[in-house]
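Hello,

Here is the structure I promised to pass on to you.

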Amino acid sequence: FELTRREALAGLAAGTFLAGTGCASLPGRSAGICDAGTTLASEAEALLSLLPEVATYNGAEASLNGGPLARRSNDYSPAGEQALRDGTSASRERIAALNCSTDSSAGLQAAVCEAVLANAGRSADVSYGHINPFSYVNHLPYLVSQISGPHIDTPAVMTTQQSVRSPEAIDAWLEKLDGFEATFDGIIEKIRADESAGCHPPQALLSKVLPVLDSFIAGPAEQHPLIQALETGMSDAVIDRTMRENALRQATTALETKARPAYVRLRDQIADMLPRGQENSGIWAQPDGEALYAANILALGDTEQSADEIHQIGLDEVARISAEMETLLTAQELTQGSVGERMLALADDDRFLFDDSDAGRQELLDYLDTLVREAETRYPEFLPDEVVPQQPMLIRRVPVATQDLSLIHISEPTRPAPLSR
């Protein structure tokens with residue numbers, strides 16, 4: 001039985017893996033009972049223990065109210081990466097051993113989870129980079145880049161997803177921040193190990209990482225997004241003024257003595273690697289780069305087409321879409337310049353811009369919310385009932401305290417709605 005990546009993602013969107021305890025035990029292909037619910041719950045717990053930030057991001061039980069998974073970052077060291085790869089492989093084997101019939105909901109759930117983990121392990125022989133079975137990119141070739149990596153994801157989780165509304169949750173948040181020193185030692189160790197394995201990230205990428213790190217290092221501590229996010233988050237906590245002030249004091253100390261020095265060390269490492277970086281930006285320039293690229297194509301695109309074939313599809317589509325745009329633009333009497341130049345001009349046209357103010361931002365959010373609500377009414381046209389999201393999509397303004405920080409992602413999905421047993 002084969003599941004495509006698209007079907008696997010649909011299963012995840014419905015809470016398939018992380019809500020494994022919702023499965024009833026149903027008959028499988030064999031004469032015995034397929035206890036998918038128990039197995040999937042156990043495997044989810046095992047994998048999330050290796051990816052505590054994923055657990056916190058998704059509101060897993062062990063990350064709530066100061067739970068153990070809220071207290072630490074992922075282990076990005078070479079040993080941590082190997083443990084994650086071994087754990088992912090072992091989980092897949094145990095789920096495959098269920099031998100469930102896909103005619104049952106429990107069996108289909110198990111098959112989806114097996115497909116997700118299979119995608120994560122397709123390039124396991126490529127030692128460099130970082131895998132994540134719960135990410136849309138299963139294998140990132142470079143642990144640190146200008147758009148992703150622990151230097152971005154860890155602060156993002158702490159500022160946007162991790163609750164600080166109870167004394168226990170606040171204590172967990174502070175413990176995680178205090179652990180940045182050890183976390184980043186592991187990151188630097190992994191980067192060095194990857195370079196020893198022959199992986200030299202492109203110079204263009206490395207040079208763009210430096211200003212991202214600088215933005216975390218620079219500025220007064222009290223204005224740092226992490227500190228401001230903690231202060232804002234604690235406004236809803238049932239704690240007294242003394243506890244709030246002590247928490248901010250501890251966080252500021254950890255930022256200045258642990259977190260920022262850790263980022264400085266990472267910056268020094270990236271700067272040291274810059275002269276040795278690849279001049280070519282393509283992953284093909286790295287060891288086993290073509291195999292890694294092919295694995296990601298199969299995981300992301302459900303196809304064994306070559307990169308050249310997919311590139312040609314893209315070129316053909318650009319030509320087709322550009323021709324249609326030319327017709328539409330000409331109909332609007334916009335005929336000067338290339339299609340791209342005319343589209344850039346439209347992007348600056350006041351008719352299509354919201355006011356750069358709080359009122360304008362709210363007007364934009366209201367407009368987008370209307371579009372989303374309309375789109376949600378059309379789920380039945382595109383999705384079977386089993387994979388229709390059980391929670392609405394929410395679009396929120398990035399907090400003012402973090403809106404100008406390049407480390408924070410602009411979009412963050414809402415946590416999955418809890419599923420009943």
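Below is what turned up when I went through it, starting with the overall picture and then moving to individual helices and loops.

Please keep in mind that this is a predicted model. The protein has 421 residues, of which 40% count as buried. Its secondary structure comprises 16 helices and 4 strands. If you take the contacts with a sequence separation of 6 or more, 70% of them come from residues 24 or more positions apart.

Helix H4 covers residues 78-96 and helix H5 residues 105-120, and their axes come within 9 Å, crossing at roughly 150 degrees. An angle over 145 degrees counts as roughly antiparallel, so H4 and H5 are roughly antiparallel. The crossing of H4 past H5 is left-handed. On the H4 side the contact is made by Thr88, Ser91, Arg92, Ile95 and Ala96, and on the H5 side by Ala110, Cys113, Glu114, Leu117, Ala118 and Ala120.

H4 also meets helix H2 (residues 36-50): their axes come within 10 Å and cross at roughly 175 degrees. This pair is therefore roughly antiparallel too. Here H2 contributes Thr39, Leu40, Glu43, Leu47 and Leu50, while H4 contributes Ala83, Leu84, Gly87, Thr88, Ser91, Arg94 and Ile95.

As for disulfides, the count for the model is 0.

Asn138 is in the loop between E3 and strand E4 (139-140), and it is buried, with a relative accessible area of 1%.

Next, the aromatic residues. The whole structure contains 4 aromatic pairs. One of them is Phe216 with Tyr263: the ring centres are 3.6 Å apart and the planes lie at 5 degrees, so the pair is stacked. Phe216 sits in helix H9 (residues 203-217) and Tyr263 in helix H11 (residues 241-273), so to speak 47 residues apart, and the pair links distant parts of the chain. Are these two residues buried or exposed? Phe216 is buried at 1% relative accessibility, and Tyr263 is buried at 0%. Both belong to one aromatic cluster, together with Phe180 and Phe184.

H9 and H11 come up again with helix H10 (residues 225-233). The buried residues of H10 are Pro225, Leu226, Ile227, Ala229, Leu230 and Gly233. They pack against H9 and H11, and also against helix H6 (150-160) and helix H7 (167-178).

Asp125 lies in the loop between H5 and strand E3 (130-131) and is exposed, with a relative accessible area of 77%. Its C-alpha is separated by 9.0 Å from that of Asp288, even though the two are 163 residues apart along the chain.

Asp288 itself is in the loop between H11 and helix H12 (289-301). At 52% relative accessibility it counts as exposed, since the limit for that class is over 50%. Its backbone is worth a look: phi is near 55 degrees, a positive value in a residue other than glycine. For context, most residues other than glycine have a negative phi. Glu333 also has a positive phi, near 60 degrees. Glu333 is found in the loop between helix H13 (307-331) and helix H14 (339-347), and it is exposed, with a relative accessible area of 71%.

Note on methods: Residues are numbered from 1 along each chain as its sequence is written. This is a predicted model: local features need pLDDT of at least 70, side-chain atom pairs count only at pLDDT 80 or more; totals for chains, interfaces and linings use all residues. Side-chain values use heavy atoms; hydrogens and water are left out. A disulfide is a pair of cysteine sulfur atoms within 2.5 Å. Rings of Phe, Tyr and Trp (its six-membered ring) pair if their centres lie within 6.5 Å; planes under 30 degrees apart count as stacked, over 60 as edge-to-face and the rest as tilted. Helices (H or I, at least four residues) and strands (E, at least two) are DSSP runs, numbered from the N terminus. Buried means under 20% relative accessible area, exposed over 50%, partly exposed in between (1.4 Å probe, protein chains only). Axes are lines fitted to C-alpha atoms, for helices over the stretch in contact, and angles run from 0 to 180 degrees between N-to-C directions. Angles under 35 degrees count as roughly parallel, over 145 as roughly antiparallel, 65 to 115 as roughly perpendicular and the rest as oblique. A crossing is left-handed if the near helix is turned anticlockwise from the far one by less than a right angle, and right-handed if clockwise. Contact means heavy atoms within 4.5 Å.
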